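Hi,

Here is the structure I promised to pass along. Have a look at it first, then read my notes below.

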Amino acid sequence: MSVATKTQPKLTVLNPEGYPPKVDARGMAPGLDTLQGKTVFLIDVGFENSDQFVEQLHGWLEEHEPGIRTEVVRWRDQHNPDPELCERIAAEGDAAIIGVGT
Amino acid sequence: MIELESKYGVPTVAVHVHVFARLVDSTARTNGMPRARQAFVPAPMFNQPPAVVRRYVEGDDAVHGGPFMRRVFDLLTRPLPDEDLRGARWDRSTPRLLEPDTEENLQQLFRESHWTDYLPIVLPTEERVEAMLAGTSRSADEVVGKHRPTIGMELWESTVEKVAVNAVMAGAAPEHFPVILAACASGDTGRQSSMSSMGSMVVVNGPIRNEIGMNSGIGAMGPYNYANSAIGRAFGLASQNLQGGSVPGVSYGGSQGCNLSYNCCTFAENEERSPFRPFHVDRGHRPDESTVTVFYVWGSVWSEHLRTYWPEKLKAMMSGLEPLEGALFVLDPIVAREFCDQGLDSREKIAQWVFENVRIPARRYWDHIMLNMVHELVEGGVEPWASLAKAEPDELIPLFQTFGVNVVVAGGETNGHFSIFQGAQMPPAFRSDPTLPLVAPVDPWR
């Protein structure tokens, strides 16, 4: 904004942006002390090749972190909430890894 | 992921490809969780073999550096400060008027704020916006609709005045304003954010086409008409500004982008020379009603006339298209009449011909991407997907269902040309309001 000259008149113009929704604060879940002995849900979110990513993630955890229990699940529809799966994870799991967002 | 954390209390790491780091950051902030747990792998993820994906898991976080899995573990186990446990809210309201400045500086401000298509705009002074508002009987503060770049993103809201601001910027005239309002109220966007780089095509039907001098003849889809150009540019600018942006890497992900987006390929159907009923009449409107229809389009294939071996040619032209994204024929009136001469004298008959004749092996139809896109429909037994999924690999199955084939007529009959665009109207669930009609009325916005 450094090119203004003294001879140019100043104009008043309207902001072209729409109205954004209100931002509601959403708190994060507390971190765990450890993952050992815990159940981590590995969620295939449904985008292309997400299943392959979750399979490889699962394989890596079984190989390197046998003390962590894992469960592979699939999000029902990549574009919409999946409350049934969320409730199951909350009831049976301690943490989750979801991917892959593209 | 946000809900798993905030509603269900499950610490969750969301994994993304690195090219969406800014989009992910923006989405987390607007969801009130600015430091949501995120980890990144390289792009691309699509179409990568297992060995490559395994290297992603074993490699470094593609945004933050350091081993990917160590970051995942750290995110799930580190203690959080109170502010992260509470989340964040803030005021996002914007002033109606910008700080007064010179023409040159305001042009720069609009460009650097990503409010333009990077070409000069007409600055929306109060006087110019007031003049634009004279093009409608609706009040300035009336809500026009909700807008978003794609499904899953937050919905912004607009008023008649906000649309008028963008119409002025595009260089539109007040008589164009009802069409622009109708397009903005349609639930569609002229700046869809898809990685696939889809553009828009806006087709206007009914009396308003001629009232405002739209072009449906020679050069209808090109830069040869004030109304076509201005309405399309206004819809594009309004879309990006009313939905919260169309900024590459933040609110736009199209890998290559789409040149059609400059004016959303806006034109009028050539109802006068078409042998078919007008498009909007086939969709249940009266001929004396005016409408606007938004299609989402990618590339096109082109040919001229239905020549001796036209069925073979047409099948070859279409057989490489993607099954789910539809086919949109834009026919010069000469070619529309040639279809009639072949007994295909309506849109429905052309769609039926495509359904019956354009077929590909099931194994190619049901490749990984297609299965991924509609797996929930197949698993849910929804037809026709459930039956199509049962086909043997070499069985020839319809590439398009009849509802996936659209036909519009435009052109000036300098010769018999036609294009087939990969494209269709957006499924309701993907629009900002799934209850809105796919063919939007213009007359309520006069």
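**What turned up**

Let's start with the domains: chain B is divided into domain 1 (2-86) and domain 2 (103-295 + 427-445). Keep in mind that this is a predicted model. The C-alpha centres of those two domains of chain B are 36 Å apart, and the contact between them takes five residues from domain 1 and five residues from domain 2. On the domain 1 side, that splits into two nonpolar, two polar and one charged residues.

Now the two chains. Their contact draws on 90 residues of chain B and 53 residues of chain A. The chain B side has 47 nonpolar, 25 polar and 18 charged residues.

There's also an open sheet built from five strands of both chains, in the order 3(A)-2(A)-4(A)-1(B)-2(B), with parallel pairing. Strand 3 (69-74) of chain A and strand 2 (38-41) of chain B sit at the edges with a single partner strand each, so one side of each has no neighbour in the sheet. From one strand to the next, the twist averages 20°. Within chain A, five bridges link strand 2 (residues 39-44) to strand 4 (residues 95-101); A:Leu42, for instance, has A:Ile97 as its bridge partner. Helix 4 (residues 68-77) of chain B packs on the sheet, where it touches strand 4 of chain A plus strand 1 (12-17) and strand 2 of chain B. The helix direction makes about 170° with that of strand 2 of chain B.

Cheers

Methods
Residues numbered from 1 in each chain as written. Chains lettered and ligands numbered in written order. Predicted model: local features only at pLDDT ≥ 70, side-chain atom pairs only at ≥ 80, totals over all residues. Contact = placed C-beta atoms within 7 Å. Nonpolar A, V, L, I, M, F, W, Y, C, P; charged D, E, K, R; others polar. Domains from an automatic or database assignment. Pairing = 2+ DSSP bridges. Helix = DSSP H or I, 4+ residues; strand = E, 2+ residues; numbered from the N terminus. Axes fitted to C-alpha atoms, helices over the stretch in contact; angles between N-to-C directions.
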